[in-house]
Amino acid sequence: MKEWDVMNTPALEARIDLSAVSHNIGVLRAHTSAGIVAVVKADGYGHGAVEVGRAALAAGAAQLGVTTIGEALELRRAGITAPVLAWLHGGNADFGSAIEADVQLGVSSSRELDAVVAAARAAGRTASVTVKVDTGLARNGVHITEWDDTRDALAKAVAEQVITMHGVMSHLVRADEPDHPLNDLQTERLDEAADDLARVGAPVAVRHIANSAATLTRPDLARDLVRPGIAVYGRSPIPELGDFGLVPVMTLSAEVLSVKKIPAGQGVSYSHSWVAPNDTNVALLPAGYADGVPRLLSNMLSVQINGHRYRNVGRICMDQMVVDLGQNPAGVSAGDRAVLFGTGAGDGPTALEWAEAIGTIDYEIVSGIRGRAVRTYVSGPITGEVV
Ligand SMILES: *Cc1c(COP(=O)(O)O)cnc(C)c1O
């Protein structure tokens, strides 16, 4: 059987292997007995929040986490009834819809709490609140200077039965440096916040601070829940420490649209940033920077076609890019499939290679795949069958 079914495969495809999601949840569960909040923000890091969320829950994740209420409501509209937590809100966030849809709300200030309380009263329901504490990241979360006021406001809202105090959460600064003392200090501060809430009559049911890196390397920092994101998608949160047995979920591939011979001295693509040193063959691929292939990777990335690697030559354009086939000994032809990145098996290219070439992290690469890339979902080993 041919690996890729040309007729049924989009010209540019982001194939999402949901069995890899299940596998990765299994890897995470082997590292912790805490409940897993699978983070599916940013449309599941570019993999599809609904599909990945369902697969993660089926594999034993306890709940889902997202950034915005909009993202949470999308999960609810898709019929996902598991607990969902959303933790970043603008001034006109729709807390009312979130409360109606039973979305747990992360709250980072007393101003935000006031809005949640007002929405809960208007809806005639109690809001489930998780207070996000800033234990050092200085991003969102209640800062230490505002803690006492926020804590007291939370206790008051609990006493008035307009909210239930569900959790306390925080986010680590240096989880990718597992032995850094800040990890311990931040976790102590989380525990102190939880203790402080209990003292004022607003005890929390759950505490959580660990992301992927901490879940995999600092099991002692896990509290009731952990919040892995990138590991769910099969990417190592600390590449220097290896892959932890995770399997990358996304394979980005493009159809070879044409193969043509060009003579020595022919420049390729805008500005002729590459000029063929010899007579050669080039293949055209329908993938460009509007689809999330960074233009900065021009003349730096390589793709895999029928098991062989070929280098991109010339500028990566908005919609297209070119690879050099040399004398084309393997006989690449139109309709063949070029893997831009995938699991890395069989010396295949990876999103990590792209990231390292341009000084970023593979989180940015995978969450940036967009444009004409069509997502398809498979739940077995990659065979070309779309389920
Ligand atoms: C994105 C995010 C996570 C997941 O982080 P990973 O490094 O992808 O595991 C967890 N918690 C919060 C608050 C986040 O914003």
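Visitor: Which atom of the ligand has a polar side-chain atom of S212 lying 2.5 Å from it?
Guide: An oxygen atom of the ligand. Bear in mind that this is a predicted model.

Visitor: OK, and how much of the ligand does the protein bury?
Guide: The protein buries 94% of the 390 Å² that the ligand exposes when taken alone.

Visitor: What about Y45, how far is its side chain from an oxygen atom of the ligand?
Guide: There, an N or O atom in the Y45 side chain is 2.5 Å from a ligand oxygen.

Visitor: How many residues surround the ligand?
Guide: There are 14, and the closest are K41, Y45, S212, I230 and Y363.

Visitor: How do the residues of that shell divide into nonpolar, polar and charged?
Guide: The shell around the ligand has six nonpolar, four polar and four charged residues.

Visitor: What is the space taken by the ligand?
Guide: The ligand takes up the largest pocket.

Visitor: Switching to cavities: how many of 30 Å³ or more turn up in the whole structure?
Guide: The search finds one. The largest cavity holds about 30 Å³ of space.

Visitor: Which residues line the largest cavity?
Guide: Its lining is made up of K132, V133, D134, T135, L137, N140, S170 and H171.

Technical notes: Residues are numbered from 1 along each chain as its sequence is written. This is a predicted model: local features need pLDDT of at least 70, side-chain atom pairs count only at pLDDT 80 or more; totals for chains, interfaces and linings use all residues. Side-chain values use heavy atoms; hydrogens and water are left out. On a 1 Å grid over the protein atoms alone, a cavity is a set of points where a 1.4 Å probe fits but cannot get out, and a pocket is an open set with protein on both sides within 12 Å along at least five of seven lines; lining residues have an atom within 4 Å of a point. Grid points are joined across faces, edges and corners, and a volume is the space filled by probe spheres set on the points. A residue is near a molecule or strand if one of its heavy atoms lies within 4 Å of it. A polar contact is a pair of N or O atoms within 3.5 Å; within protein, one must be able to donate a hydrogen and the other to accept it, and residues adjacent in sequence count only if both atoms are side-chain atoms. Accessible areas come from the Shrake-Rupley method with a 1.4 Å probe; for residues, only the protein chains shown count as cover. A molecule sits in a cavity or pocket if more than half of its atoms lie within 2 Å of its grid points. Ala, Val, Leu, Ile, Met, Phe, Trp, Tyr, Cys and Pro count as nonpolar, Asp, Glu, Lys and Arg as charged, and the others, Gly among them, as polar.
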